[in-house]
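Have the structure open as you read, and look back at it whenever a new element comes up.

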Amino acid sequence: MTTSAFRTEDPLSSVPADDGGTGTTHRPPAHRFPTLTTTVPKEFVHRAAVAEVMLTDWRRRSDTRFDVTAQWPRGHSFYSPIGAHHDPLLAAETIRQAGSLLAHAEFGVPLGHQFLMWDLQYAVEPEHLLIGGTPASLDIDVVCSDVKRRGGSLTGLRYSAVIRREGHVAATGTASYTCVPPAVYRRLRTGRGLQDGRPRTPLGPPVPPRSVGRVAPRDVVLSPTGEPGRWQLRTDDRHHVLFDHPVDHVPGMALIEAARQAAAAALGDSAMLPMAITSHFTRYAELNAPCLVEATVLSATEAGAGRRGVRVTGHQEGEPVFASTVTAPPRSL
């Protein structure tokens with residue numbers, strides 16, 4: 001099934017136009033436009049801003065396989081270029097959006113249901129992330145597995161994605177999530193997080209933006225603790241991308257961004273290209289409790305030949321929240 005929000009036939013093509021009294025009736029040309037590109041509905045990918053929608057269309061190939069198309073801008077307000085490359089975290093966000101789109105548009109999950117992301121990983125081919133003269137047009141092959149249902153309703157699935165650009169594999173990734181109705185979600189969250197009555201954690205000062213690959217202080221998600229390799233998660237819920245709409249916990253993409261920034265700081269490389277990030281989420285990161293982020297540089301054996309690696313973890317009130325492994329190329333790339 002392919003759905004587009006763009007009308008391909010002029011709705012006025014069959015309506016005579018008034019000539020203003022000259023006695024002549026004019027009709028608009030009765031041609032059809034060729035296929036035109038637009039974004040998928042923003043509600044399907046859980047975004048409030050149309051500008052943050054990466055996906056442009058989709059088509060079902062089988063019960064579990066789908067073609068999705070997307071576009072990456074040459075410049076983004078937050079996922080800005082890294083040297084000559086598109087920011088690889090655009091791949092992570094694109095993979096996230098694909099799972100949300102298919103849940104609503106193909107598996108019948110109603111809008112308003114909550115999604116609980118358990119893991120998300122991506123890996124990119126840097127030579128196919130180079131910024132060209134136009135936005136990057138992408139073709140994505142999505143395969144769903146471990147599809148879980150209850151009473152005919154989808155409760156969760158795992159999926160893999162292969163992102164191609166001009167026929168070349170630019171990125172691959174996987175993710176899994178469960179989805180729950182609003183009433184169930186309210187029961188899960190009663191007495192937790194903002195619902196327990198505690199105020200939000202005060203917004204701490206940012207670490208120097210350049211130390212984590214950022215330019216603007218508002219885009220920094222780490223606050224200093226005075227200890228090397230340890231920071232407090234900095235959650236500014238006014239951020240226009242990471243907090244695109246009101247939520248009652250820290251979004252998964254904000255935690256992945258924290259992993260990226262912690263890895264850049266740990267490696268001392270503000271221009272680090274995060275070729276791959278594998279993240280697992282074990283519980284909600286709450287907005288009203290400090291979250292400690294720690295980074296450990298991996299050995300050459302652990303990172304793999306010709307690569308650098310950093311293990312990043314997040315803990316809140318003594319409990320693990322997320323764990324990410326960030327892989328970067330040598331500095332010379």
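Helices and strands here are DSSP runs, at least four residues (H or I) for a helix and at least two (E) for a strand, and both kinds are numbered from the N terminus. By that numbering, Gly314 sits in strand 11. One thing to keep in mind from the start: this is a predicted model.

In what order do the 12 strands of the open sheet come? Reading across, you get 1-2-4-5-6-3-9-12-11-10-8-7, and the pairing is antiparallel. At the edges you'll find strand 1 (55-60) and strand 7 (222-224); each has a single partner strand, so one side of each is left without a neighbour in the sheet. From one strand to the next, the twist averages 25°.

| Strand pair | Bridges | Sense |
|---|---|---|
| Strand 1 and strand 2 (residues 65-72) | five bridges | antiparallel |
| Strand 10 (residues 291-297) and strand 11 (residues 308-316) | seven bridges | antiparallel |
| Strand 11 and strand 12 (residues 319-328) | nine bridges | antiparallel |

Trp58 stands opposite Val68, and Val68 belongs to strand 2. Is Val68 buried or exposed? Buried means under 20% relative accessible area. Val68 has 1% relative accessibility, so Val68 counts as buried.

**Around strands 10, 11 and 12**

Now move along to strand 11, which pairs with strand 10 through seven bridges and with strand 12 through nine. On the strand 12 pairing, Thr313 has Ala323 as its bridge partner. Strands 11 and 12 make a hairpin with two residues between them, and Glu317 in the turn has a positive phi of about 50°.

Gly314 and Ala258 are 56 residues apart in sequence, while their C-alpha atoms are 9.1 Å apart in space.

Over at strand 7 you'll find Ser223. Strand 7 is an edge strand, and Ser223 has 4% relative accessibility, so Ser223 counts as buried. Leu203 is 20 residues away from Ser223 along the chain, with 8.7 Å between the two C-alpha atoms.

**Helix 1**

What about a helix? Helix 1 has 17 residues and reaches 24 Å from its first C-alpha to its last, close to the 24 Å expected at 1.5 Å a residue. Helix 1 is mostly covered, with 17 of its 17 residues buried.

**Pockets and cavities**

Next comes the empty space. Rolling a probe the size of a water molecule over the atoms shows where empty space is left.

The largest pocket holds about 1,100 Å³ of space. It has 43 lining residues, and the closest to its centre are Gln114, Phe115, Leu116, His249 and Tyr284. Which elements each supply at least two residues of that lining? They are helix 1 (89-105), strand 3 (114-124), helix 2 (182-189) and helix 3 (252-267). Strand 3 gives the largest share of the lining, six residues. By class, the lining of the largest pocket has 22 nonpolar, 10 polar and 11 charged residues.

The second largest pocket has a volume of about 320 Å³. Its lining is made of 19 residues, and Ser80, Ile82, Gly213, Arg214 and Ser270 lie nearest its centre. That lining divides into nine nonpolar, five polar and five charged residues.

How many cavities of 30 Å³ or more are there? The count comes to four. The largest cavity has a volume of about 80 Å³. Its lining includes Arg218, Val220, Leu233, Asp236, His239 and Phe243. Seven residues of the lining of the largest cavity are nonpolar, two are polar and three are charged.

Note on methods: Residues numbered from 1 in each chain as written. Predicted model: local features only at pLDDT ≥ 70, side-chain atom pairs only at ≥ 80, totals over all residues. Heavy atoms only, no water. 1 Å grid on protein atoms, 1.4 Å probe; cavity = no way out; pocket = protein on both sides within 12 Å on 5 of 7 lines; lining within 4 Å. Points joined across faces, edges and corners; volume = space filled by probe spheres on them. Nonpolar A, V, L, I, M, F, W, Y, C, P; charged D, E, K, R; others polar. Expected span 1.5 Å × (residues − 1). Buried < 20%, exposed > 50% of the residue type's maximum accessible area, 1.4 Å probe, protein only. Pairing = 2+ DSSP bridges. Axes fitted to C-alpha atoms, helices over the stretch in contact; angles between N-to-C directions.
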